Amino acid sequence: MAASGMHPTSGSLPTEVDVAVVGAGVVGLAHAAEAADRGLRVAVVERDARPVGASVRNFGHACVTAQVGVALERATYARQRWLELAERAGFWTAQTGTLVVARADDELAVLEEFADTRPVGDVVLLDADGVREHLATAPTEVVGGAWLPKDLRVNPREAVSSLATWLGERDGVTISFGTNAMGVEAGALHTTAGSIAAERIVVCVNHDVDRLLPEVARAASVRRCWLQMLRVAVPAGVRIGPGVLSGTSLLRYGGFAACPSLEAVRRRLAEEHPALLAADVNLMCTQLPDGDLLLGDTHDRGPTVAPFSRADWDDLLLAEGARLLGLDDLRVIERWQGVYATAPEEFLVAEPLPGVSVVSVTTGIGMTCGFGLAREVVDGW
Ligand SMILES: Cc1cc2nc3c(=O)[nH]c(=O)nc-3n(C[C@H](O)[C@H](O)[C@H](O)COP(=O)(O)OP(=O)(O)OC[C@H]3O[C@@H](n4cnc5c(N)ncnc54)[C@H](O)[C@@H]3O)c2cc1C
C-alpha cells in the first residue's frame, strides 16, 4: 500500500479507452481482465482508495460444486480462471475443497441425494471418521459429511488487491482509485476525475446500482443484503484445510434445493435451532493462511443497511462455530459487516443504454461465479 493509503497501482484517468469499468471488486476486475486479455484498452474507476467492498469482506470461498444450472457453468469457468490468474498475478489459492459436515441423519440424506445428481468424484461421501480426516477436531455429534474436491479458497484480503496490482501494471490498463463515477451515458463515463470516452462501459458496483442507474435497480428489484462476520483465532496448530459448511448451508445453495430430504432439515433446524433461522445464518468458515478463521454469517435485507451490528448475532456465530468445529476456545479478533446485492434472480445483466452494461451478482456467490459472468458479458460484445 502506498503511504497515502491509495492502492499502489492507482493511475490517472485516460481520456479515451475501449472499455471503462466502474468498480474494482471481483466483478469489475474480472471484466477488466477479460477485456485486457482480448487486447482492449481498459480503464477501471473505483471510488475508494483501495478495494474494500464485498470482495474483501467475504470467505474467499469458490463454492463451485454446490451451484446448479447457469451458476454452476459460470463457477466452473471461474474456478479455472482463479487458478490461472493466481499464477499470473501471484496470489494465494488453496485447492483444498469444501467439507460439508452433517450432524443429523437428514443432513446426510441430503448429501447422499446431492451426490446422486453429480458426476462420480465431484461429491465424496464421508462417514464420521472420514470427516475427521479433514477436520481433526470434529465433534462427536458428527454423523458423516461430504467432501467437494473442486472447490477453492483464496485469501479475500489479498486476492482482489493483487489482481488490481497486476492489472494496473499491464499495458493498456489503468485503474484509478479514489475516483467516483457520477453518471453514465452511451459512449461516456463521467467521474470526479473527469470524463472518459469509451465504446463499452460496464457498471459493476454491486448493491449500489440504485445510486447510479436507479431504473435498472428498480426493474430487477435489487436490494441490499448485509452480513455479520467474525475473524477468530483458533488454538495454535489447528489447521482446517477445506472450507467448512454446515446443515444451514444446505438451505442456501442452489445445488441442494431439489434434494427431497431438504425439507426435513429445514423443519428440524426450525424446531431445534430457531435462533439460527431467525438470523438467517449460513454457518461456515474458512481458514486464512495465518491460521485465523473467517467465521460467519448472518443475513438481513432491505433498501438501506442497518448501521448497527447485533451483538447477540455475533455471540450466536461464535457459539455455533465452536460447536461445529469442536473447538471451545475461539477468540474474536475482528468483526465487520459485508453487503451484497440481492434480487429474485441470481444475476443481473442489463444494457440500459447502447454500449452500457450493468452487471451484478445478486446473491452471495460473486467470488464463485464472477469470472464466468464476466467472460459471457465480454464474449457478448
Ligand atoms: C460477508 C460476505 C461473505 C461472502 N462470502 C462469499 C463466498 O464465500 N463466496 C462467494 O462466492 N461469494 C461470497 N460473497 C459474495 C461476494 O463477496 C460478492 O458477490 C462479490 O464480492 C461482489 O463483487 P462486486 O465486485 O460486485 O462487489 P464489490 O466487491 O462490493 O465491488 C464493488 C465496487 O464498486 C465500487 N463502487 C460503487 N459505486 C461506485 C461508483 N459510483 N464509482 C466508482 N466505484 C464505485 C465500490 O466501492 C466497490 O469497490 C460474500 C459476501 C459477503 C458480504
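Me: What do the buried residues of α6 pack against?
Reply: They pack against α1 (26-37), α2 (54-57), α3 (69-89), β8 (152-154), β9 (173-177) and α13 (366-379), where contact means heavy atoms within 4.5 Å. Helices (H or I, at least four residues) and strands (E, at least two) are DSSP runs numbered from the N terminus. This is a predicted model, in which local features need pLDDT of at least 70 and side-chain atom pairs count only at pLDDT 80 or more, while totals for chains, interfaces and linings use all residues. Residues are numbered from 1 along each chain as its sequence is written, and side-chain values use heavy atoms, with hydrogens and water left out.

Me: And why is α6 described as largely enclosed?
Reply: Because 7 of the 10 residues of α6 (residues 159-168) are buried, the helix is largely enclosed by the rest of the structure. Buried means under 20% relative accessible area, exposed over 50% and partly exposed in between (1.4 Å probe, protein chains only). The buried residues are Ala 159, Val 160, Ser 162, Leu 163, Ala 164, Trp 166 and Leu 167.

Me: At what angle do α1 and α13 pack?
Reply: At about 40 degrees, with their axes 8 Å apart; these axes are lines fitted to C-alpha atoms over the stretch in contact, and angles run from 0 to 180 degrees between N-to-C directions. The two helices are therefore oblique to each other, since angles under 35 degrees count as roughly parallel, over 145 as roughly antiparallel, 65 to 115 as roughly perpendicular and the rest as oblique.

Me: Which residues of α1 meet α13?
Reply: Val 26, Ala 30, His 31, Glu 34 and Ala 35 of α1 do so, and their counterparts in α13 include Met 367, Phe 371 and Arg 375.

Me: New topic: which strands pair with β13?
Reply: β13 pairs in the antiparallel sense with β18 (residues 331-342) over 11 bridges, with β17 (residues 300-302) over 3 bridges and with β16 (residues 293-296) over 4 bridges; pairing requires that DSSP finds at least two bridges between the strands. Arg 231 stands opposite Glu 334 in β18, whereas Arg 224 has Gly 302 in β17 as its bridge partner.

Me: Is Val 281 buried or exposed?
Reply: Val 281 counts as buried because its relative accessibility is 3%, and it is found in the loop between α11 (274-278) and β15 (284-287). Leaving out residues up to four places away in sequence, Val 281 touches Thr 248, Arg 252, Leu 276, Asp 297, Thr 298, Leu 316 and Leu 317.
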